[in-house]
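Good morning, and thank you for coming. I would like to take you through one structure this morning, going from the overall fold to a few local details.

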Amino acid sequence: MKHTYRESQSGWAKRGRLAFTAGVVMVMLVLQACGNNANSAGNSKSAAGNTAGAAGAEAAGNVPAVLNFGFIGSNKLNLPGGAEGWGLYKGIIQEELKKHGITDVKLTGFPNGPDQTESLISGRLDFGSLGDTPAIIAYASGAKTRLIAQTSARTVGYLIGKKDGPETVKDLQGKTIAIQKGSFMHRYIVGLLQQEGVTGYKLVHMLTPDATAALARGDVDATTNTGVPALKLIDQGYTRLDDASSHPDLLGSSATVVSEEYLKKFPDFPKVWNAAREKALADLKQHEDEYYQFLAEIGDTTPELAKQVSPISDIKDTPFTEEGTKLLEGTKNFLVEEKLARKDFNISDWQLQ
């Protein structure tokens with residue numbers, strides 16, 4: 001260590017400074033003792049309250065003004081569906097977050113869950129809503145996230161065959177199927193083929209637009225899809241081989257996860273977010289027609305079709321339900337058994353109730 005004083009300076013100068021320092025320390029100790037005595041005389045509760053208040057103020061001051069939220073999908077409004085999307089669309093959630101120092105919510109749409117979890121792990125996102133499968137796989141791989149809500153437990157995946165191709169699931173023996181690796185639909189198709197006893201198939205990873213194009217060219221025998229895009233393909237003459245509504249254990253669910261790093265800055269975020277979301281849901285239920293029109297706009301479809309694939313009744317009004325947790329547990333067990341998830345864990349250890 002480099003010294004900033006001359007080692008040749010006289011001993012009395014050193015001793016003088018030491019004596020002065022010791023004196024200052026003694027004065028500080030006396031003042032502290034006096035303060036403690038005063039508190040013990042009847043002000044200890046007040047002092048503790050002031051300390052707690054200061055800590056609370058400090059915690060509130062540490063909440064970043066910008067909240068970075070990721071969701072699955074891409075649309076002209078740059079918004080998700082559900083109560084979250086409605087609340088952000090109407091400004092309900094923003095108003096609630098402002099009470100806690102958050103003045104800006106930045107939204108980013110992702111093509112799939114694995115891409116979103118990468119952004120969450122890297123710190124580009126604070127939290128996000130995605131399918132349960134990629135969220136579970138990420139956590140099992142060591143991602144520092146916590147599950148704060150499961151807002152839907154009825155995501156229906158579709159298995160769609162090419163024109164003049166397979167007619168049944170069993171016809172996929174030895175065939176090629178396009179999937180989004182690590183997504184809910186990956187879990188659905190593997191589980192379905194296992195139940196149907198289909199083997200020798202080949203899974204190729206493709207994002208949905210690429211898979212749809214490959215299906216049209218006949219490069220793959222089948223692909224998976226969800227919601228309005230799946231129904232549009234069926235309307236265009238592609239073969240509906242199966243959908244998860246016939247397999248309750250293969251339904252998907254949503255997962256809202258927050259990074260542990262962000263929780264250090266805002267420990268009360270789960271409670272605040274879920275309360276804001278519930279307020280948005282209550283408003284949504286008072287404007288059902290407008291909500292389906294909103295879904296139609298972000299999904300490039302009609303309100304009637306939006307109502308068919310995303311009914312309000314599917315939206316959960318509490319962060320967690322027994323039904324949803326059971327589905328999460330089943331999905332996690334399947335992913336572990338198939339070695340799609342790196343390690344087993346307790347869902348309760350991941351959840352923040």
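This is a predicted model: local features need pLDDT of at least 70, side-chain atom pairs count only at pLDDT 80 or more; totals for chains, interfaces and linings use all residues.

The protein has 353 residues, and 44% of them are buried. Its secondary structure consists of 14 helices and 10 strands. Among the contacts with a separation of 6 or more, 81% join residues 24 or more positions apart.

Let us turn to helix packing. Two packed helices are described by the angle between their axes and the distance between the axes. The pair I take up now is helix 2, residues 82-90, and helix 11, residues 288-299, whose axes lie 11 Å apart at an angle of about 95 degrees. That angle makes helix 2 roughly perpendicular to helix 11, because angles of 65 to 115 degrees are counted in that class. On the side of helix 2, the contact is formed by Gly-82, Gly-85, Trp-86, Tyr-89 and Lys-90, and helix 11 contributes Glu-290, Tyr-291, Phe-294, Leu-295 and Glu-297. Sorted by class, this contact contains five nonpolar, two polar and three charged residues.

Another pair is helix 6, residues 184-196, with helix 13, residues 322-337; here the angle is about 75 degrees and the axes are 11 Å apart. Helix 6 and helix 13 are therefore roughly perpendicular to each other as well. Arg-187, Val-190, Gly-191 and Gln-194 of helix 6 meet Gly-330, Thr-331, Phe-334 and Leu-335 of helix 13. The residues of this contact comprise three nonpolar, four polar and one charged.

Next, helix 5. How many of the nine residues of helix 5 are buried? The count is nine of nine, so helix 5 is largely enclosed by the rest of the structure. These buried residues are Asp-132, Thr-133, Pro-134, Ala-135, Ile-136, Ile-137, Ala-138, Tyr-139 and Ala-140. After helix 5 comes Gly-142, which has a positive phi near 105 degrees.

Rolling a probe the size of a water molecule over the atoms shows where empty space is left. The second largest pocket holds about 230 Å³ of space. Its lining is made up of Pro-114, Thr-117, Glu-118, Ile-121, Pro-134, Ile-137, Ala-138, Lys-181, Gly-182, His-186, Lys-339 and Leu-340. Helix 4, residues 113-122, and helix 5, residues 132-140, each provide at least two of the lining residues. Which helix gives the most to the lining of this pocket? It is helix 4, with four residues. By class, the lining of the second largest pocket has six nonpolar, three polar and three charged residues.

Ala-178, Ile-179, Gln-180, Met-185, Met-206, Thr-208, Ala-211, Thr-223 and Thr-224 line the largest cavity. Strand 6 (176-179), helix 7 (208-217) and strand 8 (222-226) are the elements that give two or more residues to that lining. Five of the lining residues are nonpolar and four are polar, with no charged residues.

I now come to individual residues, starting with backbone geometry. Most residues other than glycine have a negative phi, and most peptide bonds are trans. Asn-78, however, has a positive phi near 55 degrees. Asn-78 sits in the loop between strand 1 and helix 2 and is partly exposed, at 33% relative accessibility. Asp-164 likewise has a positive phi, of about 55 degrees, without being a glycine. This residue belongs to the loop between strand 5 (157-161) and strand 6. Is Asp-164 buried or exposed? With a relative accessible area of 82%, Asp-164 is exposed, because the cut-off for that class is over 50%.

Finally, Asn-68 is located in strand 1, residues 66-72. Leaving aside residues up to four places away in sequence, Asn-68 touches Lys-106, Arg-124, Leu-125, Asp-126 and Phe-127. Asn-68 and Gly-123 are 55 residues apart along the chain, and their C-alpha atoms are separated by 9.4 Å.

Thank you; I am glad to take questions.

Terms used
Residues are numbered from 1 along each chain as its sequence is written. Side-chain values use heavy atoms; hydrogens and water are left out. On a 1 Å grid over the protein atoms alone, a cavity is a set of points where a 1.4 Å probe fits but cannot get out, and a pocket is an open set with protein on both sides within 12 Å along at least five of seven lines; lining residues have an atom within 4 Å of a point. Grid points are joined across faces, edges and corners, and a volume is the space filled by probe spheres set on the points. Ala, Val, Leu, Ile, Met, Phe, Trp, Tyr, Cys and Pro count as nonpolar, Asp, Glu, Lys and Arg as charged, and the others, Gly among them, as polar. Contact means heavy atoms within 4.5 Å. Axes are lines fitted to C-alpha atoms, for helices over the stretch in contact, and angles run from 0 to 180 degrees between N-to-C directions. Angles under 35 degrees count as roughly parallel, over 145 as roughly antiparallel, 65 to 115 as roughly perpendicular and the rest as oblique. Buried means under 20% relative accessible area, exposed over 50%, partly exposed in between (1.4 Å probe, protein chains only).
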